[in-house]
Amino acid sequence: MANSATDALFQEGPDDPDFDEPAPPSRVEEELDYKIFDLRKHLMQIAGGDDPQWALDHVLRCLRSHALDRKGLRPSGDDRDELLGVMTHALAGAIEHLPASYDRGKIRLGMNAARGLIIYWAEPDGVRAQRHPHVLPDLLAYAALLRNDARSMTLVGEIRERADLRRRDLLAGLHEAFGNEGAA
């Protein structure tokens, strides 16, 4: 039979005085984790060429919101560095997958601004205060130029898709009305 001193040594769980279960993440911490997950996911979407115009618009819109949020938590240095690393792949993907007619210099300017927004978002207020007051508005403006162009590319693509559907419907209607009469 074990004595109570021996039992106390091997006691586990919430009744164990030496057992400190970590507190679950707060709602704000979960929101920050989701923001980082969402950015990473859509940056990889850009890198892979999966609807890069839409993903670029989404990422740049989110970064604007995150950089301007003065109440939320900020990414850790590790999270910031991970996002910056993924941003490198997204830049390469944007250059490869956006329409060839789109200025590659604009892509670089906008994506470098996005990098700056990630850095700014992660910075403590003291570091932000040391920056010239024009830094954030300039980063936001360069990112907005690329975001607006990406949004325009998305809209043009949607217009073309609807035009293709109308053309297909028209041809199907003509084929139904006239059958194979014209195919001689």
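Tutor: Helix axes are lines fitted to C-alpha atoms over the stretch in contact, and the angle between them runs from 0 to 180 degrees between N-to-C directions. The model here is predicted.

Student: What makes H2 roughly parallel to H4?

Tutor: The axes of H2 and H4 cross at roughly 25 degrees and come within 6 Å. Angles under 35 degrees count as roughly parallel, so H2 is roughly parallel to H4. The crossing is left-handed.

Student: Which residues make the contact between H2 and H4?

Tutor: On the H2 side they include Ile 36, Leu 39, Leu 43 and Ala 47; on the H4 side they include Leu 83, Val 86, Ala 90 and Ala 94. Contact here means heavy atoms within 4.5 Å.

Student: How do you know that the span of H2 agrees with its number of residues?

Tutor: H2 covers residues 27-48, which is 22 residues.

Student: Which residues of H2 are called buried, and what do they pack against?

Tutor: Buried means under 20% relative accessible area. Among the H2 residues that count as buried are Leu 32, Ile 36, Asp 38, Leu 39 and His 42. The buried residues of H2 pack against helix H3 (52-68), helix H4 (77-97) and helix H5 (104-122).

Student: What follows H2?

Tutor: Gly 49, with a positive phi near 80 degrees.

Student: How many helices and strands does the chain have?

Tutor: Seven helices and zero strands. Of the 184 residues of the chain, 32% count as buried.

Technical notes. Residues numbered from 1 in each chain as written. Predicted model: local features only at pLDDT ≥ 70, side-chain atom pairs only at ≥ 80, totals over all residues. Heavy atoms only, no water. Helix = DSSP H or I, 4+ residues; strand = E, 2+ residues; numbered from the N terminus. Expected span 1.5 Å × (residues − 1). Buried < 20%, exposed > 50% of the residue type's maximum accessible area, 1.4 Å probe, protein only. Parallel < 35°, antiparallel > 145°, perpendicular 65-115°, else oblique. Left-handed = near helix turned anticlockwise from the far one by under 90°.
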